Amino acid sequence: MLSKSLVSKYVCPSFVIAGLVSLLAAPAAAQAPAASPPDPNPGNLTLLGNVDFTNAYMFRGIRQDDTKVIIQPSAELDIALQSADTGLKSTSLNFGTWNSLHTGDAGLKSAESRLGCACNKLWYESDFYTTLAFGFTGGSLGITYTAYTSPNAGFNNVKELMFKFGADDSGALGKAALHPWVIAAFEFDADNGHQADGGSNAGKYLELGVSPGYSGSKASIAVPVKVGLSIGDYYELNEGTVLRPDFVDHKFGYFSIAGIATVPIKGTTAYGGWNVHAGVEYQKLGDTTKAFNNGDANKVIGSAGIGFTY
């Protein structure tokens with residue numbers, strides 16, 4: 001997410017290793033043919049939610065907080081607008097919110113840590129986003145607007161427009177599919193420190209990733225691997241002084257590899273599909289993100305949570 005000020009190396013919140021995975025039906029009774037239970041929600045509206053716990057909040061390699069308890073609830077409403085068998089196979093409009101609650105330095109223990117904050121407040125971050133998503137035979141395209149805000153004034157608000165393209169290579173590679181993706185994100189209205197790095201200019205971010213994995217009836221495992229890069233002022237570092245700042249953009253932000261396991265809870269029910277998930281992520285940080293992480297070039301993040309889809 002965002003940084004607190006133009007020159008501070010104390011940065012705000014962000015990334016969680018968790019997501020909803022399609023839930024498979026419970027095993028059928030002995031000698032009975034396998035059958036999926038009826039979908040409790042066959043309409044065009046889908047509701048998704050997660051509550052996650054993590055030891056560190058990193059946003060695209062930028063340390064937000066790694067003290068005390070961090071709780072990150074989220075919710076999303078997906079509206080199916082169109083579907084077809086060929087060509088443009090699906091169109092949806094999605095609305096969501098993502099939040100981060102902190103009992104440590106970014107939240108309840110923030111009284112003396114920054115000027116102008118709503119001190120001792122648990123609610124550190126609240127994000128609102130809207131996505132227009134298109135599904136094609138070979139992949140998908142999502143266009144997302146996000147407003148990153150801080151209820152306890154832990155960082156300056158940031159606005160961003162993001163484009164994400166995901167390729168579906170399962171037809172060609174089968175179980176060895178890599179599920180690659182590319183993200184390009186652009187900050188705007190970013191004067192006076194309203195950037196993820198708290199720098200001097202609106203940033204442009206590029207992410208390249210793959211997510212091989214395995215999905216079975218009792219569990220699924222994903223191994224996302226990604227690299228975050230600046231394609232314009234996204235990882236700025238003040239190499240000057242407080243009175244005479246000199247922001248230098250470093251292209252390499254971070255490299256990440258993670259393992260995520262998701263286990264369905266009793267299959268799909270009348271209350272939707274539920275799961276528990278847990279993961280661990282390793283991040284190798286670049287010059288700017290290393291500085292924001294108190295000079296440490298490595299970060300290990302653990303997370304666990306519960307999710308649902310209906």
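How much of the accessible surface of the protein chain belongs to carbon and sulfur atoms? In this predicted model, the accessible surface comes to about 14800 Å². Carbon and sulfur atoms account for 63% of that surface.

The protein chain has 310 residues, and 43% of them count as buried. Its secondary structure consists of two helices and 18 strands. Contacts were examined between residues at least 6 apart in sequence. Of these contacts, 62% join residues at least 24 apart.

Strand β9 spans residues 181-188, and strand β10 spans residues 204-210. The two pair in the antiparallel sense, over six bridges. Within this pairing, V182 stands opposite L208 in β10. Strand β10 is also joined to strand β13, residues 225-232, by seven bridges. These two strands run antiparallel as well. Here Y205 stands opposite S230 in β13.

The surface also carries a nonpolar patch of about 750 Å². Nine residues need naming here: V51, F53, V69, V263, I265, Y271, W274, V276 and I306 make the patch.

Y271 lies in the loop between β16 and β17. Is Y271 buried or exposed? Its relative accessible area is 67%, so Y271 is exposed. The cut-off for exposed is over 50%.

Conventions: Residues numbered from 1 in each chain as written. Predicted model: local features only at pLDDT ≥ 70, side-chain atom pairs only at ≥ 80, totals over all residues. Heavy atoms only, no water. Patch = residues over 30% accessible without salt bridge, like charges linked within 9 Å, V, L, I, M, F, W, Y side chains within 5 Å. Areas by Shrake-Rupley, 256 points an atom, 1.4 Å probe, with all protein chains shown as cover. Salt bridge = Lys/Arg side-chain N within 4 Å of Asp/Glu carboxyl O. Helix = DSSP H or I, 4+ residues; strand = E, 2+ residues; numbered from the N terminus. Buried < 20%, exposed > 50% of the residue type's maximum accessible area, 1.4 Å probe, protein only. Contact = heavy atoms within 4.5 Å. Pairing = 2+ DSSP bridges.
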